[in-house]
Amino acid sequence: MAGKAGATPTTYTPSPKTQRKKPPIFKNDDVDWVRPDGRGFHQCRPAFFRTGAVNAAAGSAYAEFGNTKVIVSVFGPRESKKAMMYSDIGRLNCNVSYTTFATPIRGQGSDNKEFSSMLHKALEGAIMLETFPKTTVDVFALVLESGGSDLPVVISCASVALADAGIMMYDLVASVSVSCLGKNIVIDPVLEEESYQDGSLMITCMPSRYEVTQLTITGEWSTPKINEGMQLCLDACSKLANIMRSCLKEAASASDE
Amino acid sequence: MVSQLQAQDGVEGIGYPNSSGDLSSEMEVDAFRRLFPLRFFERHLSESIRPDGRPLGRARDTTLALGAVASANGSALVKIGLTTMLAAIKMEVMTPLKESPDEGCIAVEFHMPPICSPLVRPGRPAEVAPVVSKQFSGMIDLKDLSLVSGKAAWMAYLDIYCLDADGSLFDAALLSAVAAFSHLQIPVVSMNDEGRVIVVSEENDGGGDAVNKEKRKLRLCRTPISLTCILHKNYILADPTAEEESIMETLVTVVLDSSDQLVSLYKPGGPALAHTSSVQDCIALTRQRVKEVQTIFDETISGMEVD
Amino acid sequence: MVGLSLGEKHFIQGGIAQDLRSDGRKRLTYRPIYVETGVIPQANGSARVRMGGTNVIATVKAELGRPSQLQPDKGKVSIHIDCSSTAEPVFEGRGHEELSTELSVSLQRSLLGGKSGSGAGIDLSSLVVVEGKICWDLYIDGLVVCSDGNLLDALGAAIKAALSNTGIPRVQVASSASGDEDQPEVDISDEEFLQFDTSGVPVIVTLTKVGKHYIADATAEEESQMSSAVSISVNRKGHICGLTKRGGAGLDPSIILDMISVAKHVSEKLMNKLDSEIAAAEASEDES
């Protein structure tokens, strides 16, 4: 162990339970367990949005769902990179990164390519790209704290930030995920539930148009279960969109005064 | 022109065309500001006022919130005007270096994520980042971070994120770092049989005695507080915004500790040369600023204790 | 990128609307699939799959590693896809990176199941040699040699074929009583190989929406006309093991559910066809 001392010593986080493994939050055939934060299985965390979090950006939003905290800034429409070819329609450029203290173990995944491309796919169908030809809109997200369901929160927050920047969209994009844990489906999972999940389903949709812009499923699902999961997500999405809309309305009426 | 400028000084939120009646004159001021930024500023300076309504020597409103990040051991959110900094400290355990068995280590990183400014693009590190990172050493006695001599010591990872960049980044970063250290709560730990350090929690009877019961807080040897000033002709502007920094390029940063001793003084070139008297003026302004910040600190901490 | 004239676009769209595509197929018919196994001798398993002009190679390499602390009873599998720059002009330089990542992520989602490992096509617990100490790490690499649409289905099929072609050496654990910290010594047999169980590996069916209809196994020309595409991976039991949507346009939820049930139906035929092709390929490899 002592031999490891060098210019950059290896470090570790002291964990409270090194020997004993933490008991799982539920047993395999158990149907009646309690979620770590005491919510009902089909109950979302309280959602909070605020626009104008970053003044330097054209539009921005801060979202907080329980312990999941993200900031999204939107820049542009501004000149595309020189190397880009001419384009009739606007470009969307997305980037999602994590702070080093976002995750329980320090410095995991500061730049998340997978989430960046997922964010891009979730938003591109909702933005009227033809309204800003030849230019680029940059959507940058920073996850300040990761508390589970990070990507759905980033997507919802990004759509509020786009609206704040005045980028034309067909509808707000709301996103919700569910986790499959044993026999139960739980909505808006926290980090601990996600680490035990057997499968997950994430929907991003435009609730007023009743259109799904992005859907991903992992794990093994039977058709009735997919139906149930999708319905749960869609209902939650339309409720979430109402919260997002009222946040935007509040901000708009505040700036009118 | 003067009347237009004065009209603007009174009105906040100038960007909204419908917020006040006379649209045409507002547009003119805005155009003037964009086309001739230097003249626009000099016009203000000759009246001893700045476009945001501040006198030359005054810093912007400063707020401080401790414990903003639940997943860190210590954290603080600082706002100076619109400039926002989030600092968080995570404590990890390391084996101390052979040369210094009783010392821990502090690793400081300053990040400019792309969200904070239109000038930062993902993948490209910001220019100011390395300059800021260097300034925090010597603030803490590294011996305080030792746990078991030669076996285990704390490595404090301090990460500062700029969430909104509107000038005077160094001042905000330093303030957030100091605040995060003052908020830091070191977990009580013990060493188990395998030589690994584990956290002692209340329900856990633990594999040994706590090694750091008394050392839950870090003592700051000094609290450095800084103020950045712009030198332009014979004017000195304290706590500049991003716009001011982009127009008038000569910056002087003075760092003083709580007993008004000079920690560092930093003038990275620039077109304006500083007379001894103007450097002394900068130091005087910083001295004033230190008192201000001290009150803000005291208020925040006493506010925390009430809660 | 496919450059199509207005007339060609109309021809493709009209054909799809009338259930007679430009190459004579119906909407849900696949192109003929050709499977060749054991194409890369130095890999533990490999296969080449051709579907029309689409040509992909998948290889499986097995190495001994250490299981992660979080899941001591499971092996590790990584999937990485590369696109040859000869496959399409735009793949040159860094042009393929985005597509490569997208394909890798979709395949991981389809084959590796949820975080707890349930629903995974590849049974990770079968890869463990000594719990918490030694396991097999599978490195699955895919290479797109030539691209004419429907890469994901072809890669999925190639990985399935490569996995059934994979032999993992039998490992003897030398009983060593020396301390818990040390890695136990192992003896890797170079004669005895264990066949990998691929019955649970799903197939991937991509349904591409062109106009009002959706088609299976789209060619590159047809893909250029798509509004969105849904890739669904289905296993033997008819359960969905992963789903990825591509393309920006929104879809009505009911259409997605409809697509899922169609995909299940199509997957049965595809799975049977693929299994018989794999068996035939293995047989011809044994002969030669």
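Visitor: How many residues of chain A are in contact with chain B, and how many of chain B with chain A?

Guide: A word on the model before the count. This is a predicted model, in which local features need pLDDT of at least 70, side-chain atom pairs count only at pLDDT 80 or more, and totals for chains, interfaces and linings use all residues. Residues are numbered from 1 along each chain as its sequence is written, while chains are lettered from A and ligands numbered from 1 in the order in which they are written. Two residues are in contact if their C-beta atoms, placed from the backbone, lie within 7 Å. By that rule, 33 residues of chain A are in contact with 40 residues of chain B.

Visitor: Which elements give two or more residues to the side of chain A that touches chain B?

Guide: Elements here are DSSP runs numbered from the N terminus: helices are H or I with at least four residues, and strands are E with at least two. On this side of chain A they are β1 (11–12), β4 (68–79), β5 (91–98) and β6 (135–145). The largest share, four residues, comes from β6(A).

Visitor: How do the residues of that side divide by class?

Guide: Ala, Val, Leu, Ile, Met, Phe, Trp, Tyr, Cys and Pro count as nonpolar, Asp, Glu, Lys and Arg as charged, and the others, Gly among them, as polar. The side of chain A that touches chain B has 17 nonpolar, 13 polar and three charged residues.

Visitor: Which strand of chain B pairs with β1(A)?

Guide: Two strands pair if DSSP finds at least two bridges between them. β1(A) pairs with strand β3 (residues 83–94) of chain B, in the antiparallel sense and over two bridges. There, A:Thr11 stands opposite B:Met94.

Visitor: And how many residues of chain A are in contact with chain C?

Guide: Here 34 residues of chain A are in contact with 27 residues of chain C. The elements of chain A that give two or more residues are α1 (113–124), α3 (191–196), β9 (199–206), β10 (211–221) and α4 (223–256). β10(A) gives the most, with 11 residues. By class, this side of chain A has 11 nonpolar, 14 polar and nine charged residues.

Visitor: Which strand of chain C do bridges join to β10(A)?

Guide: Four bridges join β10(A) to strand β12 (residues 240–246) of chain C, and the two run antiparallel. In this pairing, A:Ile217 stands opposite C:Leu243.

Visitor: Let us look inside chain A. How many residues of β3(A) are buried?

Guide: A residue is buried if 20 or more other C-beta atoms lie within 10 Å of its own, exposed if 12 or fewer, and partly exposed in between, with C-beta atoms placed from the backbone. In strand β3 (residues 59–65) of chain A, six of the seven residues are buried, so the strand is largely enclosed by the rest of the structure. Across chain A, 51% of the 257 residues count as buried.

Visitor: Which strands pair with β3(A)?

Guide: Strand β2 (residues 47–51) of chain A pairs with β3(A) in the antiparallel sense over five bridges, and A:Ala47 has A:Phe65 as its bridge partner. Seven bridges join β3(A) to β4(A), also antiparallel, with A:Ala63 partnered by A:Val70. The hairpin of β3(A) and β4(A) has two residues between the strands, and in it A:Gly66 takes a positive phi near 60 degrees.

Visitor: What is the strand order in the open sheet of chain B?

Guide: The sheet has four strands in the order β10-β9-β11-β12, with antiparallel pairing. β10 (235–238) and β12 (262–266) of chain B stand at the edges with a single partner strand each, so one side of each is left without a neighbour in the sheet. Between them, β9 (residues 225–232) and β11 (residues 251–256) of chain B pair over six bridges, and B:Cys229 stands opposite B:Val252.

Visitor: Last one: what is the handedness of the crossing of α3(C) and α5(C)?

Guide: A crossing is left-handed if the near helix is turned anticlockwise from the far one by less than a right angle, and right-handed if clockwise. The crossing of α3(C) and α5(C) is right-handed. Their contact is made by C:Ala157, C:Lys160, C:Ala161 and C:Ser164 of α3(C) and C:Leu274, C:Ile278 and C:Ala281 of α5(C).
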